[in-house]
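Subject: Structure handover

Hello,

The structure is below, followed by notes on what was found in it. Please keep it open while reading.

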Amino acid sequence: MKLRREERDGRTSLLTKNLVPGNKTYNEDLLIRDGVEFRTWDPFRSKLAAAILKGLPDDLIREGDKVLYLGTSTGTTPSHVSDIVGESGLVVGVEFAPRVAREFVENVARKRKNVIPYVADARDPSSYSLTKCDVVYCDIAQQDQTEIAILNCRRLLKKGGRLLLIVKARSIDVIREPKDVFREESRKLEAAGFHVSQMIELSPFDKDHALIYATY
Amino acid sequence: MEQLTIYTTEAGSILLRAGEAIGAAKAASQLLDKAKQMGVTAVVVSNESELSSARAVGLEATLIRPEDRERLDADKIGLIVRSRLAPDEASALEIIRQQSIEAAEAVIREASARPDLHLVQAIQALDDSDKFLNTTATRVSEWYGLHFPELTQMMADNIGLCRVVVEVGRRDGFSKENLQGRGFTDKKVEAILAARERSKGGEISDGDLGRVKALATLALEVASQRDRLNTYVESMMKKIAPNVTDVAGATIGARLMAKAGGLDRLAVMPASTIQILGAEKALFRALRTGAKPPKHGILFQHQEVHGAPKWQRGKIARTLANKIAIAARIDYFRGTEELSVKAGLDLRLEQIKAKYKEPPKHKAEREERPGRQEGRPPFRRPPRREGFDRRQKQRRR
Ligand SMILES: C[S@@+](CC[C@H](N)C(=O)[O-])C[C@H]1O[C@@H](n2cnc3c(N)ncnc32)[C@H](O)[C@@H]1O
């Protein structure tokens with residue numbers, strides 16, 4: 001298994017099997033388990049880890065999967081996704097802010113053979129279309145992010161593929177109750193032909209954030 | 001008639017018939033020759049440069065339709081493998097990966113050329129131009145006023161005056177026709193023409209008129225250069241500091257950046273400093289004499305501040321400064337647009353306007369509070385944390 005759970009001090013922690021042994025992406029710890037190197041995966045720094053700890057099934061991203069990752073930022077979460085899909089998988093990472101994309105390219109894409117980086121706008125999938133994917137992961141904190149996610153899925157997600165959408169209530173509507181915002185975004189997905197399976201609020205790891213899991 | 005498509009990928013170009021690969025080559029030009037040999041007369045190509053090379057060899061060429069392009073893109077890897085540009089999917093991905101990394105690094109390099117520093121120079125050049133324009137146009141007005149003082153008194157817009165001086169010249173030359181289209185009302189035109197008849201101005205020699213005209217021409221050139229700078233500042237601000245632009249406006253945002261010394265500096269500045277950027281003199285005077293510290297510097301130029309009643313201005317400036325500080329951090333560290341900053345600002349401004357609708361009743365308030373009858377205590381400088389910070393920063397450099 002590429003993803004591993006451990007109980008420590010009564011708390012569950014997550015580890016992913018390091019695709020590039022010896023290499024750290026940020027300041028995570030490297031640990032040896034059964035002779036294999038793993039990296040600690042901090043739920044306070046990664047919303048995907050937070051969602052998994054709060055009940056998102058472990059197997060939504062699998063070994064060998066192709067993942068379209070929108071909004072990689074410096075690459076914290078993408079590096080763990082890269083660990084999970086392994087050598088036979090692929091992470092197509094899209095980030096449009098050059099400053100953070102630099103770290104992503106240097107520390108993640110250059111080091112990991114299963115990562116292809118694009119400095120591009122997620123509103124324009126034509127610049128990074130190369131293959132249909134099993135998973136679209138979208139964390140871009142834009143007001144129209146749900147529409148952007150739908151656009152990308154229509155073009156690049158396989159039928160029956162999975163969408164993991166991070167919703168930050170405050171970047172969509174500053175005044176409305178976060179719960180209402182999450183529900184509204186789910187409804188948009190349903191209307192676009194998705195089946196929403198799960199909505200997980202990420203507190204206490206992240207305030208006013210939720211992950212929506214939907215299938216296409 | 002058979003129509004072939006040439007689809008160009010990172011690994012090379014692929015010749016397609018009915019969506020399937022029938023040939024491939026590193027360069028599209030080889031495929032064009034091949035298509036010709038096959039007796040094809042028309043091809044569909046995937047980019048502009050292929051369009052012209054196809055036409056150059058006598059083929060009829062059209063650009064691929066976006067929906068067809070989309071279909072090919074979604075299967076790019078498969079096509080590269082099936083056309084044997086790469087032995088397998090993994091090598092196809094590796095070719096694309098190498099090129100993507102290079103392309104990404106090129107974009108990043110370009111962005112790291114510090115466009116904000118150029119922007120800072122541009123906004124300063126803009127302010128310089130304004131100063132120059134002001135003095136030069138005033139000079140033209142005074143000089144030309146020796147000849148036609150009534151006109152210079154009637155025209156508030158000095159740049160407009162420069163234009164008339166260059167285009168019309170001597171006061172005898174003024175007529176209904178050449179005054180039209182300059183934004184004068186009919187009444188004003190009448191007045192100017194009447195003034196021409198009984199002007200108290202003196203004669204002007206050809207030589208002196210030439211010199212005034214040359215000066216006016218210079219002012220007009222500077223004015224159009226100024227407009228170009230302004231356009232540049234606005235479009236550049238939207239690009240490199242979209243959130244600051246959203247909250248502060250392009251010009252004020254750029255001035256704040258200039259005062260701070262770049263977007264990076266503005267991004268680490270406390271809101272309280274941003275609030276009084278540009279009012280340093282007043283601040284130091286306040287510190288020396290115990291007078292009230294300034295409530296705003298550059299921010300006074302913001303419509304929301306100078307347009308507000310006096311007693312709200314300080315609060316509005318503080319709110320603006322808070323939001324600008326957040327906006328600058330997002331712009332610098334994240335480089336994305338966050339609509340919530342502007343929305344939060346609008347909300348706060350509404351609250352302030354509602355809550356402080358009425359001017360404060362100073363006297364009554366003061367009398368209620370004992371110990372403050374003596375008036376405002378002198379402002380004391382807070383402990384010198386600033387100096388400490390600065391020293392630390394220097395050590396770090
Ligand atoms: C919250 S961060 C992502 C963090 C990352 N997913 C992680 O967990 O490590 C959001 C990122 O999306 C990027 N972004 C926002 N809008 C985008 C767009 N239209 N296209 C591409 N990236 C975008 C931002 O620059 C920012 O780095």
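First, a definition for sorting residues: Ala, Val, Leu, Ile, Met, Phe, Trp, Tyr, Cys and Pro count as nonpolar, Asp, Glu, Lys and Arg as charged, and the others, Gly among them, as polar. This is a predicted model, in which local features need pLDDT of at least 70 and side-chain atom pairs count only at pLDDT 80 or more, while totals for chains, interfaces and linings use all residues. Residues are numbered from 1 along each chain as its sequence is written, chains are lettered from A and ligands numbered from 1 in the order in which they are written, and side-chain values use heavy atoms, with hydrogens and water left out.

**Cavity and pocket**

Rolling a probe the size of a water molecule over the atoms shows where empty space is left. On a 1 Å grid over the protein atoms alone, a cavity is a set of points where a 1.4 Å probe fits but cannot get out; a pocket is an open set with protein on both sides within 12 Å along at least five of seven lines; lining residues have an atom within 4 Å of a point. Grid points are joined across faces, edges and corners, and a volume is the space filled by probe spheres set on the points.

The count comes to one cavity of 30 Å³ or more. The largest cavity has a volume of about 60 Å³. Its lining consists of A:L3, A:L48, A:I52, A:L56, A:P57, A:D58, A:L60, A:I61, A:I84 and A:L164. By residue class, that lining has nine nonpolar, no polar and one charged.

The second largest pocket has a volume of about 850 Å³. It is lined by 30 residues, and those closest to its centre are A:P98, B:A111, B:P115, B:K239 and B:I240. Two or more lining residues come from each of α3 (98-109) of chain A and α5 (89-111), α6 (115-145), α11 (206-240) and α18 (310-334) of chain B. Helices (H or I, at least four residues) and strands (E, at least two) are DSSP runs, numbered from the N terminus. The lining of this pocket divides into 15 nonpolar, four polar and 11 charged residues.

**Two sheets in chain A**

Two strands pair if DSSP finds at least two bridges between them. Four strands of chain A form an open sheet in the order β1-β2-β4-β3, with antiparallel pairing. At its edges stand β1 and β3 (30-33) of chain A, each with a single partner strand, so one side of each is left without a neighbour in the sheet. Neighbouring strands of this sheet are turned by 45 degrees against each other on average, direction ignored. Axes are lines fitted to C-alpha atoms, for helices over the stretch in contact, and angles run from 0 to 180 degrees between N-to-C directions.

Within this sheet, six bridges join β1 (residues 3-8) to β2 (residues 11-17) of chain A. A:R8 stands opposite A:R11 in β2(A). The hairpin of β1(A) and β2(A) has two residues between the strands, and A:D9 takes a positive phi near 50 degrees there. On to the next pair: β2(A) and β4 (residues 36-41) of chain A are held by four bridges, and A:L15 has A:T40 as its bridge partner in β4(A).

Seven strands of chain A form another open sheet, with mixed pairing, in the order β7-β6-β5-β8-β9-β11-β10. Its edge strands are β7 (115-119) and β10 (195-201) of chain A, each pairing on one side only. Inside it, β8 (residues 133-138) and β9 (residues 157-168) of chain A run parallel and share five bridges. A:Y137 stands opposite A:L164 in β9(A).

**Chain B**

Chain B has 21 helices and five strands. Buried residues (under 20% relative accessible area; exposed is over 50%, partly exposed in between; 1.4 Å probe, protein chains only) make up 41% of its 397 residues.

How many residues of α13 (residues 250-260) of chain B are buried? Nine of its 11 are, including B:R255. Contact means heavy atoms within 4.5 Å. Among the elements covering the buried residues of α13(B) are α6, α11 and α18 of chain B. B:G261 follows α13(B) and has a positive phi, near 100 degrees.

B:Y332 lies in α18 of chain B. Not counting residues up to four places away in sequence, B:Y332 touches A:R99, B:L263, B:D264 and B:A267.

Regards
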